[in-house]
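This briefing goes through a single protein model by topic. Please keep the sequence and the 3D view open while reading.

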Amino acid sequence: MIQFRKAHADDFASCWQLIDNARWKMIRDGRKQWTPDYPSEAVVRQDIALGRAFLLADDGRIVAYGAVGMNCEPAYTQPSAHWLTHGDYFVIHRLAVDTRTRGRGYGRRFIHEAERHALRQGVGSLKIDTNFDNPQMLSILQSTGYVACGEVDYGDKGPRLAFEKLLSAE
């Protein structure tokens, strides 16, 4: 059974291991989105403390992690991003799938569940950004109805492609 829920403090070790493995795989693959210093243990602990850490579990095993928050990305106010909406939105950051379970649709499922979470909160927009060299995430976003909305710049971390999806009840 697949479950989408907030991560709790006792989930930290499993969530961190999943993020750390995904981070090092990205680095080994030559991608520039994540670095040896980011995301860090402190960032994941903060996600959990702020109630923004969510996980996807399959039969009790954590298979995906992401930070899901409302109106919490200051970079999204940059004029280089041409959003579809300008009201409340949810955002997904640090989405990672267990490297041992890739290709099973868990990334898409996590995004779908985050969309449902946003709708339950009365918010009809989900925004996300990703690096130019992240073909898996770009494929997921394009195949699930996200619209390219320009770029956001994270300074030392560089520019990211920005996407938004208008949500509606199924």
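Predicted model: local features only at pLDDT ≥ 70, side-chain atom pairs only at ≥ 80, totals over all residues.

Helix H1 (residues 12–28) and helix H2 (residues 41–49) have axes that come within 10 Å and cross at roughly 130°. H1 is therefore oblique to H2.

**Helix H1 against helix H2**

- The crossing in which H1 passes H2 is right-handed.
- On the H1 side, the residues that meet H2 are Phe12, Cys15, Trp16 and Ile19.
- Their partners in H2 are Glu41, Val44, Arg45 and Ile48.

**Helix H3 against helix H4**

- Helix H3 (residues 106–120) and helix H4 (residues 135–143) also have axes that come within 10 Å, and these cross at roughly 50°.
- That angle makes H3 oblique to H4.
- H3 contributes Gly107, Arg108 and Ile111 to the contact.
- H4 contributes Met137, Ser139, Ile140, Leu141 and Ser143.
- The crossing of H3 past H4 is right-handed.

**Aromatic pairs**

- The structure holds four aromatic pairs.
- Tyr76 and Trp83 form a tilted pair, with 4.8 Å from centre to centre and 50° between the planes.
- Tyr76 and Trp83 are both buried.
- Tyr76 also pairs with Tyr89: the ring centres are 5.9 Å apart and the planes are at 40°, so this pair is tilted.
- Tyr76 and Tyr89 are 13 residues apart, and both are in the loop between strand S3 (61–70) and strand S4 (90–97).
- Tyr76 has a relative accessible area of 4% and so is buried.
- Tyr89 is buried too, with a relative accessible area of 8%.
- Elsewhere, ring pairs link Phe4, Phe54 and Phe110 into a cluster.

**Charges over rings**

**Backbone features**

- Tyr38 is joined to Pro39 by a cis peptide bond, with omega about -5°.
- Pro39 is in the loop between H1 and H2.
- Asn71 is not a glycine, yet its phi is positive, at about 50°.
- Asn71 is in the loop between S3 and S4.
- With a relative accessible area of 35%, Asn71 is partly exposed.
- Arg94 is another residue other than glycine with a positive phi, near 55°.
- Arg94 is in strand S4.
- Arg94 counts as buried because its relative accessibility is 15%, and the cut-off for buried is under 20%.

- Ala81 is in the loop between S3 and S4.
- Ala81 is buried, with a relative accessible area of 8%.
- Apart from neighbours within four places in sequence, the residues in contact with Ala81 are Cys149, Glu151 and Val152.
- Ala81 and Cys149 are 68 residues apart in sequence, while their C-alpha atoms are 5.6 Å apart in space.

- Gln3 is in strand S1 (residues 2–6).
- The relative accessible area of Gln3 is 37%, so this residue is partly exposed.
- Apart from neighbours within four places in sequence, Gln3 is in contact with Leu55, Leu56 and Ala57.
- Gln3 and Asp20 are 17 residues apart along the chain, and their C-alpha atoms are separated by 22 Å.

Notes. Residues numbered from 1 in each chain as written. Heavy atoms only, no water. Phe/Tyr/Trp six-rings, centres within 6.5 Å; stacked < 30°, edge-to-face > 60°. Buried < 20%, exposed > 50% of the residue type's maximum accessible area, 1.4 Å probe, protein only. Helix = DSSP H or I, 4+ residues; strand = E, 2+ residues; numbered from the N terminus. Axes fitted to C-alpha atoms, helices over the stretch in contact; angles between N-to-C directions. Parallel < 35°, antiparallel > 145°, perpendicular 65-115°, else oblique. Left-handed = near helix turned anticlockwise from the far one by under 90°. Contact = heavy atoms within 4.5 Å.
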